[in-house]
Amino acid sequence: MKRRDFVQHLCPSLAVIQVLATANACVQAVEPVAELSASEIQEFERVSKKYNDEGYFQEGNQVFVNLSNPAFSKLGNNSGYVNMLDAGVLLLRTDEKTLKAFSNCCPHQGIRGAWDFVNGRFRCDNHGNSYNVNEVNTVSCSSNSISGGLQRFNVVAYQQYVKITKV
Ligand code: FES
């Protein structure tokens, strides 16, 4: 299974584009299109029964997400985001091609639940500092930083599922 299969699921409105083979803007989705390894597919299949009502769960430093859960419907829109508070992850759609995952720990004083996404940046409402999502001058959780970029996590997709690896 290719990662692009996941994208087709997420972007049914653009399926026609693929059928016509004139463009595949949506197909390049989450990360650069690449074949998943057999072990990656096996891992997704192994955990497919574990999703709870919240649509995600953690295993060690990995977070598995079922994007078909209504809790993630906001990710169907550009700039839509979900704060998985307990998992420590902000999941953001930056455009029709891309989902990105970030630490939800504010680089200022570590608050996790006060985020808004405004003008292409995450803004923490605790003290009003905002942080980029482009990995420019990335700053760490609770490092007293009032600017810079949020720490980004790796994302891999399979069908409607996403695996986030926290570093
Ligand atoms: S804790 Fe987020 S801006 Fe201060």
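Strand β7 and strand β8 (residues 130–132) are joined by three bridges and run antiparallel, where strands are taken as DSSP runs of E with at least two residues, helices as runs of H or I with at least four residues, and both are numbered from the N terminus. Two strands are said to pair if DSSP finds at least two bridges between them. This is a predicted model, in which local features need a pLDDT of at least 70 and side-chain atom pairs count only at pLDDT 80 or more, while totals for chains, interfaces and linings use all residues. Residues are numbered from 1 along each chain as its sequence is written. Within the pairing of β7 with β8, F122 stands opposite Y131 in β8, and the hairpin formed by these two strands has five residues between them, with G128 in the turn at a positive phi of about 85°.

Together the three strands form an open, antiparallel sheet in the order β6-β7-β8. Because β6 and β8 stand at the edges with a single partner strand each, one side of each is left without a neighbour in the sheet. Neighbouring strands here are turned by 30° against each other on average, direction ignored, the axes being lines fitted to C-alpha atoms (for helices over the stretch in contact) and angles running from 0 to 180 degrees between N-to-C directions. Strand β7 (residues 121–124) has a covered face, made of F122 and C124, and an uncovered face, made of R121 and R123.

Another open sheet consists of seven strands in the order β1-β2-β10-β9-β5-β4-β3, with antiparallel pairing. Its edges are β1 (56–59) and β3 (81–84), each of which has a single partner strand, so that one side of each is left without a neighbour in the sheet. On average, and with direction ignored, neighbouring strands of this sheet are turned by 25° against each other. Inside the sheet, strand β4 (residues 89–95) and strand β5 (residues 98–103) pair in the antiparallel sense over six bridges, and L92 stands opposite K100 in β5.

Helix α3 (residues 38–47) lies across β2 (62–66), β9 (152–158) and β10 (161–165), and runs at about 85° to β9.

Residues count as buried if 20 or more other C-beta atoms lie within 10 Å of their own, as exposed if 12 or fewer do, and as partly exposed in between, with C-beta atoms placed from the backbone.

When residues up to four places away in sequence are not counted, V65 touches G55, Y56, F72, L91, Y161, V162 and I164, a contact being a pair whose C-beta atoms, placed from the backbone, lie within 7 Å.

## Positive phi values in two loops

S142, found in the loop between β8 and β9, has a phi near 55°, a positive value in a residue other than glycine. With 14 other C-beta atoms within 10 Å, S142 is partly exposed.

Q159 is placed in the loop between β9 and β10 and, although it is not a glycine, has a positive phi of about 50°. This residue, Q159, is also partly exposed, with 19 other C-beta atoms within 10 Å.

## The chain as a whole

The protein chain has three helices and 10 strands, which follow the pattern α-α-α-β-β-β-β-β-β-β-β-β-β along the sequence. Of its 167 residues, 31% are buried. Among contacts with a separation of 6 or more, 47% are between residues 24 or more positions apart.

Notes. Contact = placed C-beta atoms within 7 Å.
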